[in-house]
Amino acid sequence: MKLSKEQKDIISHIQSGEITDVYSFVKYYGFGTYVGHNRSAIEEAFHKQYGDKKYKCRNDDSNNNECIIEEIDEKYVWAKPTLSYFNSEGQVIKHHDIVHGFSLFEPTYICENINAVISFIALWQYLKSEGLIIELPKSCSEKDVGLFLRKEPIPHNNRDIFEEGQLRLSDMSVNVAYFLDWKYALDEPAFEVCLPYLNMKLYPAPALLTYITKGHKTLEEIRERRNMRIALAGVLIALITSIASIIISFQDKGYHNELQEIHNSLQEIHADLFGQANQDTEKTSIDVSSKTIK
């Protein structure tokens, strides 16, 4: 397999242990970004809608005293809405038997280049087929799922949620979820494709270092290349032998320059083929007599 410069670089980081799974691949090359809800933006949206409003409420002894502006009588008070973070830890993503929760305000690392992940998996499969890596099982973690999350917009409803005359003091707490303008959504097609590899880690097999030092060639590829050179060398020997006969018969007929060019070209081909073949097989010596061309 002919590898690109980028694929060779990935393999070197697998060998060094810097890339061991899909998540470490995405992180190492910076194919993702951190996303999370902005607490300040949510508070700003809340104050924009309710910061200067007050409502007449029934005092229901809810211990929500921070909402009270002033008492009207024993039963009613003027109250202002407050922003509540109660029971708003985050969002749960479910996919078959995989369940993970994600915090509202703690950033989650998501992948922005799924095509790069698919290419990495293709390289992973090739290295596995050649016995150059070892796979070990692992569970699909929260950070693995996080790579495939996307921001799905939520239409924001600016309608006043409070109805005059029906309010109690306990109603004045507005949950933060009401002001979210997006939620997490799972990119299910991409997740399904990559899921088998999210349950595995890869490690370099002993043969991987040899593969790298041999110019990213497997032993089979090296053997095939050597056999091809030997075959070409055989063809060259036959060609030189034939040309030598022609040279001998025509050297006295005024074709000296043309024959010299042919001779030089053959010498270059011979040197190139046998210079490379010497790395893998025994050098074949070819001696063209100096009497052939004077």
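How exposed is Lys128, going by its relative accessibility? Lys128 comes out at 48%, so it counts as partly exposed. Keep in mind that this is a predicted model. A search through the whole structure turns up 5 salt bridges, and here's a quick tour of some of them. As a reminder, side chains of opposite charge can pair when their charged atoms come close.

**Lys128 and Glu135**
- Lys128 pairs up with Glu135 in a salt bridge, and their closest N and O atoms sit 3.3 Å apart.

**Arg150 and Asp187**
- Arg150 makes a salt bridge with Asp187, with 3.9 Å between the closest N and O atoms.
- Arg150 belongs to strand β10 (residues 149-153), while Asp187 is in the loop between β12 (182-186) and α6 (188-198), so this pair ties together parts that are 37 residues apart in sequence.
- Arg150 counts as partly exposed, with 23% relative accessibility.
- Asp187 has a relative accessible area of 23%, which makes it partly exposed.

**Arg168 and Asp171**
- The Arg168 side chain meets that of Asp171 in a salt bridge, at 3.7 Å from N to O.
- Arg168 shows 43% relative accessibility and therefore counts as partly exposed.
- Asp171, at a relative accessible area of 26%, is partly exposed as well.

Note on methods:
Residues numbered from 1 in each chain as written. Predicted model: local features only at pLDDT ≥ 70, side-chain atom pairs only at ≥ 80, totals over all residues. Heavy atoms only, no water. Salt bridge = Lys/Arg side-chain N within 4 Å of Asp/Glu carboxyl O. Buried < 20%, exposed > 50% of the residue type's maximum accessible area, 1.4 Å probe, protein only. Helix = DSSP H or I, 4+ residues; strand = E, 2+ residues; numbered from the N terminus.
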